[in-house]
Amino acid sequence: MTLMTRVFTALSLAVLFATPLRAEIDITEVESPGGVNAWLVEEHSIPFVALELRFKGGASLDQAGKRGATNLMVALLEEGAAELDSRAFAEQAEALAASFDFDISDDAVSISARFLTENQDEALALLRDALTQPRFDQDAIDRVRAQIVSGIRSDQQDPDFLVGQAFDEMVFGDHPYGSPIEGTEESVTGLTRDDLVTAHAGALARDRVYVGAAGAISPEKLAQVLDKLLEGLPAEGLPQAADIDVETAAGVTVVPFDVPQSVAIFGHEGLARDDPDFFAAYVLNEILGGGGFDARLMEEVREKRGLTYGVYSYLVPKDHAALYLGRVSSANDRIAEAIQVIRDEWTKMAENGVTAEELESAKTYLTGAYPLRFDGNGRIANILVGMQMDDLPVDYVNTRNAKVEAITLEDIQRVAARLLQPDALRFVVVGQPEGLES
Amino acid sequence: MRRLSALAGACLLAAAPLHAQTIEDQVTTYQLDNGMDVVVIEDHRAPAVVHMVWYRAGSADEQPGVSGVAHFLEHLLFKGTEKLAPGEFSETVKANGGTDNAFTSFDYTAYFQRIAADRLGLMMEMEADRMKNIQLDREDILTERDVIIEERNQRVENDPGALFREQRMAAQYLNHPYGTPIIGWRHEMVNLDLEDALAYYERFYSPNNAVLVVAGDVQPDEVLALAQEHYGPIPRNAELPERVRPSEPPQMAERRISFEDPRVAQPYVMRTYLAPERDPGDQRKAAALTLLAEVLGGSQTSVLPQVLQFDENRSVYAGAFYSGLSLDDTTFGIVNVPAQGVTLEEAEADMDRVVADFIETGVNPAQLERIKFQLRASQVYELDSSNSLARRYGAALTSGLTVDDVHEWPEILQSITPEEIIAAAQEVFDRDNAVTGFLRGAEEVTQ
């Protein structure tokens with residue numbers, strides 16, 4: 001390190017703590033007359049609103065034998081509602097220049113809406129119809145189902161998809177987490193309109209909805225529109241899926257597939273979002289395999305040895321299980337070496353933790369980068385919903401950096417020994433890896 | 001005539017979102033004495049900034065035989081200078097709470113950092129340093145060459161769709177370097193060496209070949225002062241070559257390619273036509289093509305999906321695509337992903353039939369008005385991301401356009417008539433300029 005940069009770093013530390021984050025993110029809690037809660041960041045300089053709705057549960061609510069039902073249901077929300085058929089619905093959204101993205105994950109159905117202030121009442125009325133009165137017309141079901149089946153077939157030829165599928169299946173088996181949310185060609189083909197109506201009532205219920213908004217809308221207006229938006233949805237939906245333990249054994253599982261570059265996922269049990277050690281684990285992961293070029297895995301596997309374009313690790317605190325995972329891809333004749341380097345780094349950090357310098361550097365980055373996340377209305381609405389689903393208090397944005405700062409070297413060493421389990425570190429490899437066998 | 005069109009313009013404006021501030025209000029431009037262009041985009045909502053330096057040099061500016069060297073050099077710019085050790089650039093950005101990266105395209109190479117606004121000077125100091133002072137040792141080069149080969153494995157070799165694209169592009173351009181992939185042909189990448197990278201660096205990396213874009217919580221005059229301090233002292237390169245690439249001869253025969261790969265589960269047909277790009281002061285034809293792509297295949301309600309996916313159920317997906325942002329001739333594409341039981345030959349005929357019918361019938365005025373309203377609304381939505389605004393100006397200014405061209409573009413789009421869209425279609429859909437590609441699995445069953 002040269003003198004120049006050392007000076008910069010010292011300078012930056014002094015300035016960083018002075019960053020006036022509190023003033024920038026002013027969250028208003030809103031409760032509608034009907035009892036729907038929402039968090040809002042009011043921002044009137046650009047005349048539009050980003051609205052994020054999330055229904056807890058998602059694809060893991062699929063019932064036995066109906067895998068893919070929630071996914072197909074969500075894909076059909078924009079394919080006709082109330083008086084409008086699929087085409088008329090799309091034309092109306094275009095005429096308003098509103099966009100509604102309907103998405104699904106293991107644990108949630110997400111709706112990301114964006115609409116102009118000047119026609120927000122019409123846009124929200126259209127969104128309400130999609131949420132509360134989807135038509136599920138048979139021709140739309142057949143058309144969208146064919147697209148999903150086409151996607152499923154392509155996924156089965158995609159090494160990136162196959163590796164995730166194999167890892168999930170190994171860890172979660174018959175639990176909904178153990179199979180792709182799209183379902184199989186067979187399960188999707190067997191779904192009926194009744195299955196979609198059932199999935200809709202089970203997943204989109206008022207007892208599980210979280211709302212975040214950012215942009216040019218007042219709290220009073222938001223409170224007023226929320227009831228209308230969700231009116232007609234059932235009060236209660238399906239019970240949430242069961243929790244499941246994560247158990248893995250050290251070793252390698254090879255899924256043979258004819259590609260020049262092997263793709264691997266590795267990992268074992270992680271920590272829940274509400275675990276008291278989660279913050280320390282988050283900081284630790286930043287040092288081991290976070291986004292930067294200076295993370296240990298990136299440094300050892302890419303920068304020193306040129307074995308990959310990218311290697312990362314990440315905490316995956318799902319609602320019903322917690323994982324600690326990583327990803328790497330290397331040519332078939334080099335993946336074995338990459339895996340050995342990753343194993344060594346895992347063991348090294350489990351035994352020795354991190355250095356004081358690494359910890360300081362990670363803290364400076366994480367605290368400095370945090371305000372950069374609030375980058376636009378859509379991102380802010382997203383963060384607001386995520387905070388509510390994680391059961392965080394409204395002042396979290398102002399206390400979060402202090403929590404990062406409070407992590408000590410001892411915390412990290414303790415959590416390293418707890419979180420990192422070389423004896424459980426499992427690799428699943430898709431490709432034609434040389435020198436690796438299941 | 002003049003009054004009439006002004007009136008029509010007024011009507012359009014009245015239908016536009018009210019009270020919308022426009023991007024012009026937020027943009028200030030300068031040029032340093034050494035020729036470096038400066039674009040400042042103000043956005044004071046958050047105390048952050050994005051700092052970008054764009055070079056008017058991409059993969060299409062490479063010499064023959066060293067494909068991939070522009071992108072290789074981009075990686076090597078993180079490997080240190082006389083002042084900074086390898087990796088120290090990114091470490092310093094991180095230590096200041098920022099993120100950084102870079103990207104390479106046909107027409108540009110760009111480096112960027114997102115960071116707290118009060119660190120802008122530090123970013124400029126480091127970026128100016130590596131414009132001229134990189135220091136590379138042979139071992140760094142070899143390791144990083146392995147990295148870009150793994151990058152190619154990941155992006156291309158493992159993905160038959162990406163391999164298919166390379167083959168189509170190579171067939172599309174008979175003479176122009178857009179036919180060579182940005183990441184490089186593998187057999188040339190494995191031989192890239194230090195001299196190749198340095199030759200490219202010395203040829204193209206200089207202030208008079210660069211555009212500085214700063215977007216965020218900054219004052220234009222302060223940005224200018226910082227730019228003068230950090231970039232100003234770098235001398236211009238008097239030997240910067242004029243930017244002229246080998247151009248296309250008249251294309252006189254359609255090319256047809258069939259790419260088979262056992263990893264393809266969903267076959268499709270794609271055809272691209274050589275098409276004009278946006279030129280400075282001359283963007284009308286590109287605007288008509290942009291709207292043509294929207295009308296034909298830009299959304300669920302556009303012509304190709306409406307007929308093939310909705311009315312006839314013969315396609316899983318059908319669409320059209322065009323981007324006018326390019327220094328030299330670009331392409332206009334149509335694609336059809338057939339439903340089960342429809343062959344690729346039939347899918348090609350389907351897509352041609354729909355396009356021919358469209359040219360015969362003309363543009364649906366209601367559809368065109370929806371598209372134009374969405375374009376006007378996008379001028380509001382885009383203000384939400386200073387990062388993507390910064391990218392727009394950087395890409396435009398390195399693709400031969402001026403800031404005025406960027407600002408005039410939305411109005412040009414609004415002024416395009418249905419007749420111009422049809423005329424653009426008739427001109428662009430010339431099979432002599434086209435590459436028709438079939439992508440299929442090894443054992444496609446013809447039904």
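## A strand between two partners

Over six bridges, strand β8 (residues 268–275) of chain B pairs with β11(B) in the antiparallel sense. This pairing, like everything else described here, belongs to a predicted model. Within it, Y268(B) stands opposite L439(B) of β11(B). Strand β7 (residues 255–260) of chain B is also joined to β11(B) by six bridges, but these two strands run parallel, and here R256(B) has T436(B) in β11(B) as its bridge partner. The two pairings are set side by side below.

| Strand paired with β11(B) | Sense | Bridges | Residue and its partner in β11(B) |
|---|---|---|---|
| β7(B), residues 255–260 | parallel | six | R256(B) and T436(B) |

Strand β11 of chain B, which takes in residues 434–440, is itself mostly covered, with six of its seven residues buried.

## A helix with a buried side

Helix α16 of chain B, formed by residues 418–428, has I421(B), A424(B), A425(B) and V428(B) among its buried residues. Because these four cover an arc of only 100° around the axis, they are placed on the same side of α16(B). The face of α16(B) turned away from that buried side carries E419(B) and Q426(B), which are exposed. What do the buried residues of α16(B) pack against? They pack against β8, α10 (284–297), β10 (330–338) and α12 (344–361), elements of chain B.

## Chain A as a whole

The secondary structure of chain A comes to 17 helices and 13 strands, and its C-alpha trace spans about 65 × 55 × 35 Å along the principal axes. A compact globule of 438 residues would have a radius of gyration near 22 Å, and the 24 Å of chain A agrees with this. Of the 438 residues of chain A, 50% count as buried. Among the contacts in chain A between residues at least 6 apart in sequence, 83% join residues at least 24 apart.

## Where the chains meet

Between the two chains, 60 residues of chain B are in contact with 63 residues of chain A. On the side of chain B that touches chain A, at least two residues each come from α3 (88–95), β5 (109–116), α5 (138–157), α11 (303–311), β9 (315–322) and α13 (365–381) of chain B. The largest share, nine residues, is supplied by α5(B). By class, this side of chain B has 24 nonpolar, 20 polar and 16 charged residues.

Conventions
Residues are numbered from 1 along each chain as its sequence is written. Chains are lettered from A and ligands numbered from 1 in the order in which they are written. This is a predicted model: local features need pLDDT of at least 70, side-chain atom pairs count only at pLDDT 80 or more; totals for chains, interfaces and linings use all residues. Two residues are in contact if their C-beta atoms, placed from the backbone, lie within 7 Å. Ala, Val, Leu, Ile, Met, Phe, Trp, Tyr, Cys and Pro count as nonpolar, Asp, Glu, Lys and Arg as charged, and the others, Gly among them, as polar. A residue is buried if 20 or more other C-beta atoms lie within 10 Å of its own, exposed if 12 or fewer, and partly exposed in between; C-beta atoms are placed from the backbone. Two strands pair if DSSP finds at least two bridges between them. The radius of gyration is taken over C-alpha atoms; the globule rule is 2.2 Å times the number of residues to the power 0.38. The arc is that of the directions from the helix axis to the C-beta atoms.
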